[in-house]
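Colleague: Before we discuss this protein, could you put the sequence and the structure on the screen, so that we can go through the arrangement of the chain together?

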Amino acid sequence: RRVAATEKQDAQQQECSANDSSCHDREVDYLIVGAGGSGIQTALLLKKYGYSFQILEKEDTAGSFWTKFPVFQELISVNKKVQNETQRFRYDWHSFLDSPIAMWDVSTDYFPSGRDWHEYMNRVVAEADIDIQYGTEVQ
């Protein structure tokens, strides 16, 4: 399975040196289309189990949907920190499984905003060192 460069990246690749492997196609076990919640969660689990992957994202940020919606920005799902790990996901509906941080590290609001969720996703991407190829539209 090969991750092909987009037209935008073709121009960038021409500037890369022949020894710079980060500028060239590479083989991966899985290709994930979209850096929303599902794409990030999938990447976290693939990383945990040692699979290689590449996320292709059309926009320039993970979870870009949440920069525009919901219009009033308040989510209706709860975000409550609990000390009991066995009940954590009963009250924390936002944190990813096997994530380096929890949603309450970003927001302590019981009903967080879409902006909080967007910030959380991008912090997870950064802290988990998830490779996303931004500006890539899949047709």
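Colleague: Which residue in strand 4 does Val 33 stand opposite?

Modeller: Helices (H or I, at least four residues) and strands (E, at least two) are DSSP runs, numbered from the N terminus, and two strands pair if DSSP finds at least two bridges between them. Strand 3 and strand 4 pair in the parallel sense over four bridges. Within strand 4, the residue opposite Val 33 is Leu 56.

Colleague: What kind of model is this, and how are its residues numbered?

Modeller: This is a predicted model, in which local features need pLDDT of at least 70 and side-chain atom pairs count only at pLDDT 80 or more, whereas totals for chains, interfaces and linings use all residues. Side-chain values use heavy atoms, with hydrogens and water left out, and residues are numbered along each chain, as its sequence is written, from 1.

Colleague: In what order do the three strands form the open sheet, and which strands stand at its edges?

Modeller: Along the sequence the protein follows the pattern β-α-β-β-α-β-α-α-β, with four helices and five strands. Three strands form an open sheet with parallel pairing, in the order 3-4-5. Each edge strand has a single partner strand, so one side of it is left without a neighbour in the sheet, and these edge strands are strand 3 and strand 5 (132-133).

Colleague: Which elements do the buried residues of helix 2 pack against?

Modeller: Helix 2 has twelve residues and reaches 17 Å from its first C-alpha to its last, close to the 16 Å expected at 1.5 Å a residue, where the expected span is 1.5 Å times one less than the number of residues. Its buried residues (under 20% relative accessible area; exposed means over 50%, partly exposed in between, with a 1.4 Å probe and protein chains only) are Gly 39, Ile 40, Gln 41, Ala 43, Leu 44 and Leu 46. Taking contact to mean heavy atoms within 4.5 Å, the buried residues of helix 2 pack against strand 3, strand 4 and helix 4.

Colleague: Is Ser 38 buried or exposed?

Modeller: Ser 38 is found in helix 2, and its C-alpha atom is separated by 9.4 Å from that of Phe 96, 58 residues apart along the chain. Because its relative accessible area is 61%, Ser 38 counts as exposed.

Colleague: What are the centre-to-centre distance and the angle between the planes for Tyr 30 and Tyr 51?

Modeller: The structure holds seven aromatic pairs; rings of Phe, Tyr and Trp (its six-membered ring) pair if their centres lie within 6.5 Å, and planes under 30 degrees apart count as stacked, over 60 as edge-to-face and the rest as tilted. Tyr 30 in strand 3 (residues 30-33) and Tyr 51 in the loop between helix 2 and strand 4 link distant parts of the chain, 21 residues apart. Tyr 30 is partly exposed at 40% relative accessibility, and Tyr 51 is partly exposed at 42%. Their pair is edge-to-face, at 5.5 Å and 85°.

Colleague: What is the relative accessibility of Ser 64?

Modeller: Ser 64 lies in the loop between strand 4 and helix 3 (88-91). Not counting residues up to four places away in sequence, Ser 64 touches Glu 57, Glu 59 and His 118. Ser 64 counts as buried because its relative accessibility is 13%.

Colleague: How far apart in space are Gln 73 and Asp 116, C-alpha to C-alpha?

Modeller: Gln 73 is in the loop between strand 4 and helix 3 and counts as buried at 7% relative accessibility. Leaving aside neighbours within four places in sequence, Gln 73 is in contact with Trp 66, Lys 68, Pro 112, Ser 113, Gly 114 and Arg 115. Gln 73 and Asp 116 are 43 residues apart in sequence, and their C-alpha separation is 9.1 Å.
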